[in-house]
Amino acid sequence: MTKATIFGRGNMGVAIADILVAGGVEVSHITTATESAIVDGDIVVLAVPYAALDGIVTKYGSQLGGRVVVDITNPLDFQTLKLVVPTDSSAAAKLSRQLPGSRVLKAFNTTFASALISKTVGPNPTTVLIAGDDADAKTALASAVIDGGIEAFDSGDLTAARELEAVGYLQLRLAMEHKISFTGGFSLTK
Ligand SMILES: NC(=O)c1ccc[n+]([C@@H]2O[C@H](COP(=O)([O-])OP(=O)(O)OC[C@H]3O[C@@H](n4cnc5c(N)ncnc54)[C@H](OP(=O)(O)O)[C@@H]3O)[C@@H](O)[C@H]2O)c1
């Protein structure tokens, strides 16, 4: 049975856990209340604020080698509502440089938690856009997501994380400006 370790038990941590559990994955969580933990997930999902990533790398990085590490963050400064990574890079690219032994993916940042819970965006099925350099890692995450009842789409190598973060940023900004709802958002039709 595939195992997943999810950092965070907030909106996204719980919604992603529900999808993975529905697909037969064994899920455990690490939270801020966790003193120290063994990371044993084949798939490790970092369902935490962008600002928490550096601390997790410092504390748990040595345990993340060889694992599929999924960055779901939208790296925003919530005061200025601007992206905090350079426009020619991404949070996922930075994480990948920090974790050279891990198979880093960008995923879930373009789906609101509500879309994971309802499994739909408007009339369409929810699709998790995935970017990363390791084909097997992308297949493993996509299979787990599809088994959990939603769609997955390979959006390219890790350089595409920059575009995924732009899409996630735009969707979030539109919702924060009340132009769309947090139960709406972008969907993908092939
Ligand atoms: N909400 C969405 O619809 C959505 C959509 C796409 C992407 N995202 C991204 O998903 C991430 C999580 O968002 P969210 O809405 O789930 O936030 P949230 O509800 O505030 O949950 C964040 C979780 O991260 C935990 N956490 C913080 N630092 C941690 C650490 N060092 N180790 C372990 N756990 C830690 C928090 O624990 P405490 O409560 O103990 O602080 C909390 O459980 C963010 O990066 C966000 O940009 C969110």
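K179 counts as exposed in this structure, because its relative accessibility is 60%, and over 50% is the mark for exposed. Please keep in mind that the structure is a predicted model. Here is a friendly tour, starting with charged pairs and moving on to the cores, a helix and the surface.

**Salt bridges**

- K179 is the salt-bridge partner of E177, with 3.1 Å between the closest N and O atoms.
- E177 counts as partly exposed, because its relative accessibility is 35%.
- Shared partners join salt bridges into one network made of D71, K106 and E165.
- E165 is at 1% relative accessibility, so E165 counts as buried.
- K106 is at 0% relative accessibility, so K106 counts as buried too.
- Another salt bridge joins R162 to E163, with the closest N and O atoms 3.1 Å apart.
- R162 is partly exposed because its relative accessibility is 37%, and E163 is partly exposed with a relative accessible area of 40%.
- Across the whole structure, a search finds nine salt bridges.

**Nonpolar cores**

- In soluble globular proteins, nonpolar side chains tend to be buried together.
- In this model, the largest nonpolar core contains 29 residues, and I16, V70, F108, L116 and L141 have the most contacts inside it.
- Several elements give two or more residues to this core, among them the strands β1 (3-7), β4 (68-71) and β10 (127-132) and the helices α4 (113-118) and α5 (135-147).
- Helix α1 gives the most to this core, namely six residues.
- There is also a second, separate core of 18 residues, which includes V39, L46, Y50 and L53.
- Leaving aside residues up to four places away in sequence, L116 touches M12, A15, I16, I19, F108, T111, T126, V128 and I150.

**A closer look at helix α1**

- Helix α1 has 12 residues and reaches 17 Å from its first C-alpha to its last, close to the 16 Å expected at 1.5 Å a residue.
- The buried residues in α1 are M12, G13, A15, I16, A17, I19 and L20.
- An α-helix has 3.6 residues a turn, so residues three or four places apart point the same way.
- After α1 comes G24, which has a positive phi near 90°.

**A surface patch and a buried serine**

- On the surface, F78, M176 and F182 form a nonpolar patch, and together they have about 290 Å² of accessible area.
- F78 is found in the loop between β5 (76-77) and β6 (82-83).
- S89 also has its place in a loop, the one between β6 and α3 (91-98).
- S89 has a relative accessible area of 16%, so S89 is buried, since buried means under 20%.
- If residues up to four places away in sequence are not counted, S89 touches R97 and R162.

Key. Residues numbered from 1 in each chain as written. Predicted model: local features only at pLDDT ≥ 70, side-chain atom pairs only at ≥ 80, totals over all residues. Heavy atoms only, no water. Core = buried A, V, L, I, M, F, W, Y, C linked by side-chain atoms within 4.5 Å. Buried < 20%, exposed > 50% of the residue type's maximum accessible area, 1.4 Å probe, protein only. Helix = DSSP H or I, 4+ residues; strand = E, 2+ residues; numbered from the N terminus. Contact = heavy atoms within 4.5 Å. Patch = residues over 30% accessible without salt bridge, like charges linked within 9 Å, V, L, I, M, F, W, Y side chains within 5 Å. Areas by Shrake-Rupley, 256 points an atom, 1.4 Å probe, with all protein chains shown as cover. Salt bridge = Lys/Arg side-chain N within 4 Å of Asp/Glu carboxyl O. Expected span 1.5 Å × (residues − 1).
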